[in-house]
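Me: I am new to this structure and would like to go through a few of its features. Please show it first.

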Amino acid sequence: MAKSDQVPVEHGFGPRPEAADVVADIDLGGKTAVVTGGYSGLGLETVRALAGRGAQVIVPVRTPEKAEAALADVAGDVVALPMDLSEIKTISRFANELANSLNKLDLLINNAGIMACPMERVGPGWESQFGVNHMGHFALTQAMMGLLSAAEAPRVVSLSSTGHKLSPVRWDDIQYESTEYDKWQAYGQAKTANALFANALSRRLKVTDGLAFSVHPGGIFTPLQRHLPKEEMIALGWLGEDGEPSELAKQGFKTPEQGAATSVWAATSPLLEGKAGVYCEDCNIASPTDPDSPTARYFGVDDHATDDEAAERLWAVSEALLNAA
């Protein structure tokens, strides 16, 4: 994908619309969606917005009791089914259950994720951030391809982050087998992988008029920060010494409802037709990063996250890892 593809559009929303705002005029009746991580944070608000416009929403859940409580007040057709992104067998069971109960899947929102966690290995030994954030969703999407192909113009949304700027894919040691683990570098690699995944997937969905996009939702306080000690969040400037959100966070961070807006926009907006594989932020297509901008760390997309060659290389690596699992 060339830099020229990353061109913002006129969307007509204010600077911080909520998820419900971007689908207010869209009828999702008859559509079926899967939203991973759909019972907390951004995922919960994504489910609420889609179900509120008539979509049937299926939420894979690792903790059924927690999911039941969180989803209890969501209006609409919402179904929770067991699945754990760190366990490939559970993904296969989830996919088989859907294949037996659905005839198509219109929307797949790969929203769930972990961030800056201690070193841990999941599945067949994958580094956990790469394993959960990328490989779990790669396996799920592969398993959903039949249902996606049966839908008319399906869409897949992959949650990336401005964190992609922290690291490209570390081709020589993706799993941190020979180098010292760095939790933020590992997070950056995983978020780059999420963006490259959407790039490569967009070409594979083309035969069915499908689209895939990656999304940076913005800075939001959600359970994603659960692995960060208070002292680290103070050092990052997210919290004040009193443990409350800092002035920087109050000005720059979004609410979960606002953070979910870009995912919902990418899943539904007609403005993205013909824009396959682009990286989005703030309910728009992101511009390439301007290295001279004082906000380059927070806005725009780096070249390494939109590179076609890297996307195809990652797809081949991911297929090999999944086949060997």
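Me: Which residues in α11 does α5 meet?
Reply: This is a predicted model. On the α5 side, the contact is made by F130, H134, M135, F138, A139 and Q142. By class, the contact of α5 with α11 has eight nonpolar, three polar and one charged residues.

Me: How are helix α5 and helix α11 set relative to each other?
Reply: Helix α5 covers residues 128–149 and helix α11 covers residues 308–324, and their axes come within 11 Å. The axes cross at roughly 85 degrees. An angle from 65 to 115 degrees counts as roughly perpendicular. The two helices, α5 and α11, are therefore roughly perpendicular to each other.

Me: Which residues lie nearest the centre of the second largest pocket?
Reply: The second largest pocket holds about 290 Å³ of space. Its lining has eight nonpolar, three polar and seven charged residues. Of the 18 residues that line the second largest pocket, those nearest its centre are K31, A153, R155, A267 and T268.

Me: What kind of aromatic pair do W184 and Y187 form?
Reply: Five aromatic pairs are found in a search of the whole structure. In the pair of W184 and Y187, the ring centres are 6.1 Å apart and the planes stand at 85 degrees. Planes over 60 degrees apart count as edge-to-face, so the pair of W184 and Y187 is edge-to-face.

Me: Why are W184 and Y187 separated by about one helical turn?
Reply: Both residues belong to helix α6, which covers residues 183–205. W184 and Y187 are separated by about one helical turn because, within α6, they are three residues apart.

How values were computed. Residues are numbered from 1 along each chain as its sequence is written. This is a predicted model: local features need pLDDT of at least 70, side-chain atom pairs count only at pLDDT 80 or more; totals for chains, interfaces and linings use all residues. Side-chain values use heavy atoms; hydrogens and water are left out. Axes are lines fitted to C-alpha atoms, for helices over the stretch in contact, and angles run from 0 to 180 degrees between N-to-C directions. Helices (H or I, at least four residues) and strands (E, at least two) are DSSP runs, numbered from the N terminus. Angles under 35 degrees count as roughly parallel, over 145 as roughly antiparallel, 65 to 115 as roughly perpendicular and the rest as oblique. Contact means heavy atoms within 4.5 Å. Ala, Val, Leu, Ile, Met, Phe, Trp, Tyr, Cys and Pro count as nonpolar, Asp, Glu, Lys and Arg as charged, and the others, Gly among them, as polar. On a 1 Å grid over the protein atoms alone, a cavity is a set of points where a 1.4 Å probe fits but cannot get out, and a pocket is an open set with protein on both sides within 12 Å along at least five of seven lines; lining residues have an atom within 4 Å of a point. Grid points are joined across faces, edges and corners, and a volume is the space filled by probe spheres set on the points. Rings of Phe, Tyr and Trp (its six-membered ring) pair if their centres lie within 6.5 Å; planes under 30 degrees apart count as stacked, over 60 as edge-to-face and the rest as tilted.
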